[in-house]
Amino acid sequence: LKSCSKGYASLEYEPSGYRSAQVSKLTFHLNGSPVDALTTIVHKSNAEKVGRAIAGKLKEVLDRQQFEIAIQAMVGSKVVARETVKAVRKNVLVKSGKLVGGGDFTRKKKLLEKQKEGKKRMKRVGNVELSQE
């Protein structure tokens with residue numbers, strides 16, 4: 001309308017009323033805790049698609065931590081999309097420049113088990129910071 005009238009035209013309209021729609025609240029959880037800033041209202045048919053798109057984008061944006069980060073898109077209590085940011089793995093088998101190797105494997109196994117326990121503890125205690133970008 002603006003392009004054909006060069007901005008001099010006007011348009012009159014009357015609202016026809018409100019209609020009901022099938023919408024749902026899409027919430028996002030990082031490691032089980034809800035992130036209110038990412039909550040959106042979407043049409044039920046698009047909830048899974050929008051959830052997957054935003055979860056995938058979050059996976060790209062979030063930095064890798066020493067522990068895994070679970071990103072979940074939920075409608076009510078149902079998880080419609082899930083992405084996981086893998087943990088950064090530090091090589092605990094290298095001690096002072098030398099690789100712990102040779103001989104008995106139980107030494108390696110002990111170090112890897114200690115790392116696994118530390119990662120579990122870090123996941124319980126650690127929290128993820130999400131910038132406003």
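Before anything else I noted how helices get named: helices (H or I, at least four residues) and strands (E, at least two) are DSSP runs, numbered from the N terminus. The expected span of a helix is 1.5 Å times one less than its number of residues.

I'm looking at a predicted model, where local features need pLDDT of at least 70, side-chain atom pairs count only at pLDDT 80 or more, and totals for chains, interfaces and linings use all residues. Residues are numbered from 1 along each chain as its sequence is written, and side-chain values use heavy atoms, with hydrogens and water left out.

Entry one, the helix. I looked up H2 (residues 47-61): its 15 residues reach 21 Å from first C-alpha to last, close to the 21 Å expected. Next I checked burial (buried is under 20% relative accessible area, exposed over 50%, partly exposed in between, with a 1.4 Å probe and protein chains only). Ala47, Gly51, Ala55, Gly56 and Leu58 are the buried residues of H2. Down the axis they fall within an arc of 160° (taken from the directions from the helix axis to the C-beta atoms), so they line one face of the helix. Lys49, Ala53, Lys57, Glu60 and Val61 are exposed on the other side.

Entry two, the sheet. I found an open sheet of four strands in the order S2-S1-S3-S4, with antiparallel pairing (two strands pair if DSSP finds at least two bridges between them). S2 and S4 stand at the edges with a single partner strand each, so one side of each has no neighbour in the sheet. S1 and S2 are joined by seven bridges.

Thr84 sits in strand S4 and is buried, at 18% relative accessible area.
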